[in-house]
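Here is a short briefing on one protein model. Please look over the sequence and the structure before reading on.

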Amino acid sequence: MSARELIVLGTASQVPTRHRNHNGYLLRWDGDGLLFDPGEGTQRQMVRAGVAAHDIDRICVTHFHGDHSLGLAGVIQRINLDRVPHRVTAHYPASGQRFFDRLRYATAYRETVALTEEPVAGDGAVLARTPAYTLEAARLSHPVESYGYRLTEPDGRRMLPERLAALGVRGPEIGRLQRDRVLETEGRTVALEEVSEVRRGQRFAFIMDTRLCDGADALAQGCDLLVIESTFLDEEEALAVEYGHLTAGQAARLAARAGVRHLVLTHFSQRYGDPSEFERQARDAGFDGELTVAQDLMTVALPKRR
């Protein structure tokens, strides 16, 4: 399997700080790269993280507040400057089309790449199906229209060596059985299901600015890696609800309910300098899986398969 990892380009909400750039996250999923919420300064953070424009296949914008989208202008122009040879597709709320248009054409440049626009509307939809994943979106709860995103790998099969040996299937026969799903051997037919079990596909979700809502719960369900905003600590829960955000405890309880294996907290208010309190409150809220409080330019690998 090729690399599946998250590269964190920025973790600040609304206002960047000395140590936190505006949002930006690149997910490497086998041969594809999905860039989520490129805020201001994303292009420079890409350089610092060793991410090239050629690494981007899709751009997914949750909503059109500046800390999640102002970097679009520079990223799109860099894609064209570097003459990225493959198609790049952009997903974003359809209600923000005017903002996307302004950012795409913020200044004069030479277009060399066919950027495909596929906006999201309604309660969300399946946006793409590839051999490696299905990409879907779901509506969140924020003062402006916002969507979260989820990747789901198709389920596969895991071969069982003891069953293969018991039925005398070996060597090149295993490959033929995986390809054809049935194999004629020693006068009998062996079905793939007899010598394998379901290998659950991996799941990833990206949830930014939102209150607790059904869409966030659905996106997080059963995820191996969940990237989610935790703008405030629990003491500011009333403020979080008013402005359409989550606290560390709310995000952790959502992840625990959903059975998330690895939780990544991010999108921190400038009022907080010490990230350790986010981890403490997430643990106090009952999340006992792997937990990362995101920092700029860190890399987070998807958990190994179960």
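## Pockets, sheet and selected residues

The second largest pocket is lined by Thr11, Thr17, His19, Arg20, Phe268, Gln270, Tyr272, Gly273, Pro275, Ala294, Gln295 and Asp296. This is a predicted model.

**Second largest pocket**

- The space in the second largest pocket comes to about 210 Å³.
- Its lining is made up of six polar, four nonpolar and two charged residues.

**Largest pocket**

- The largest pocket holds about 320 Å³ of space.
- Its lining counts 16 residues. Nearest the centre are Ser13, Gln14, Thr231, Tyr243 and His245.
- Two helices, α2 (66-69) and α8 (237-243), each give at least two residues to this lining.
- By class, 10 of the lining residues are polar, three are nonpolar and three are charged.

**Seven-stranded sheet**

- Seven strands form an open sheet with mixed pairing. Their order is β7-β8-β9-β14-β15-β16-β17.
- From one strand to the next, the twist averages 15°.
- β7 and β8 (residues 134-139) run antiparallel and are joined by three bridges. Within this pair, Ala128 stands opposite Leu135 of β8.

**Helices on the sheet**

- Helix α9 (residues 248-258) packs on the sheet. It touches β15 (225-229) and β16 (262-266). The direction of α9 makes about 155° with that of β15.
- Helix α10 (residues 276-284) also packs on the sheet, where it touches β16 and β17. The direction of α10 makes about 150° with that of β17.

**Two residues with positive phi**

- Gln14 sits in the loop between β1 (4-10) and β2 (24-29). Its phi is positive, about 65°, although Gln14 is not a glycine.
- Is Gln14 buried or exposed? Its relative accessibility is 63%, so Gln14 counts as exposed; the cut-off for exposed is over 50%. Gln14 is also one of the residues nearest the centre of the largest pocket.
- Asp30 lies in the loop between β2 and β3 (32-36). Phi of Asp30 is near 55°, again a positive value in a residue other than glycine.
- With a relative accessible area of 25%, Asp30 is partly exposed.

**Glu173**

- Glu173 belongs to helix α6 (residues 172-180).
- Why does Glu173 count as buried? Its relative accessibility is 18%, and buried means under 20%.
- Which residues does Glu173 contact, leaving aside its neighbours within four places in sequence? They are Gly168, Leu183 and Thr185.
- Arg305 is 132 residues away from Glu173 in sequence. In space, the two are 25 Å apart, C-alpha to C-alpha.

Technical notes:
Residues are numbered from 1 along each chain as its sequence is written. This is a predicted model: local features need pLDDT of at least 70, side-chain atom pairs count only at pLDDT 80 or more; totals for chains, interfaces and linings use all residues. Side-chain values use heavy atoms; hydrogens and water are left out. On a 1 Å grid over the protein atoms alone, a cavity is a set of points where a 1.4 Å probe fits but cannot get out, and a pocket is an open set with protein on both sides within 12 Å along at least five of seven lines; lining residues have an atom within 4 Å of a point. Grid points are joined across faces, edges and corners, and a volume is the space filled by probe spheres set on the points. Helices (H or I, at least four residues) and strands (E, at least two) are DSSP runs, numbered from the N terminus. Ala, Val, Leu, Ile, Met, Phe, Trp, Tyr, Cys and Pro count as nonpolar, Asp, Glu, Lys and Arg as charged, and the others, Gly among them, as polar. Two strands pair if DSSP finds at least two bridges between them. Axes are lines fitted to C-alpha atoms, for helices over the stretch in contact, and angles run from 0 to 180 degrees between N-to-C directions. Contact means heavy atoms within 4.5 Å. Buried means under 20% relative accessible area, exposed over 50%, partly exposed in between (1.4 Å probe, protein chains only).
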